[in-house]
Amino acid sequence: MPDIFTILLVEDDGSVASTVKDNIEEQCENVRVEIEPSLGNAVESLKRIKPDAVVLDLIEGPLTGGDMAGNLGWREIWNHRFVPLVVYTASANETEPPLPEGHPFVVRIAKGDASSVNQVVSKMNEYLPYMKSVRNITDTMTQDVHRVLT
């Protein structure tokens, strides 16, 4: 049975979330997408779902019902789970802290037409080998720790 990889899509616009989810699941093998519509709940979803990659929309302005600023930084994601990250946003503002240039696990894709969704799908397909490697390393470390502690 093949590994099924989970992608957490943090997107507050339901139609965009549905389009991105459908395209990723149709065009990427062995992938399912979980949608989190609230940026304020993104970290909790990250902890609960334990995704293999994240597609993150940034919003401008304050959040309602959350205690984070409107721009959830990519570092906040990585503080809880080190996974490939696509910042998929129409926000003109730079992330804080800025995205690292040339990093293989982080990319910013500007929202726009259908080609931008295709770019997200392409990046997810490109990330699949990384997702598998990170999962294998995590599984091996967990097994080693369990073996040592039991």
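Two strands pair if DSSP finds at least two bridges between them.

**View 1. Overall fold of the protein chain in the predicted model.** The protein chain contains 4 helices and 5 strands. Starting at the N terminus, its elements follow the sequence β-α-β-α-β-α-β-β-α. The protein chain has 150 residues, of which 40% count as buried. Its accessible surface is about 8300 Å², and carbon and sulfur atoms account for 51% of this. Of the contacts between residues at least 6 apart in sequence, 65% link residues at least 24 apart.

**View 2. The open sheet of 5 strands.** The strand order is β2-β1-β3-β4-β5, and the pairing is parallel. The edges are formed by β2 (31-36) and β5 (106-110); each has a single partner strand, so one side of each is left without a neighbour in the sheet. On average, neighbouring strands of this sheet are turned by 20° against each other, direction ignored.

**View 3. Pairing of strands β1 and β3.** Strand β1 covers residues 5-10 and strand β3 covers residues 53-56. The two strands pair in the parallel sense, with 4 bridges between them. Within this part of the sheet, I7 has A53 of β3 as its bridge partner. In general, strands of a sheet pair through backbone hydrogen bonds, either parallel or antiparallel.

**View 4. Helix α2 on the sheet strands β1, β2 and β3.**

Definitions and conventions: Residues numbered from 1 in each chain as written. Predicted model: local features only at pLDDT ≥ 70, side-chain atom pairs only at ≥ 80, totals over all residues. Heavy atoms only, no water. Buried < 20%, exposed > 50% of the residue type's maximum accessible area, 1.4 Å probe, protein only. Contact = heavy atoms within 4.5 Å. Areas by Shrake-Rupley, 256 points an atom, 1.4 Å probe, with all protein chains shown as cover. Axes fitted to C-alpha atoms, helices over the stretch in contact; angles between N-to-C directions.
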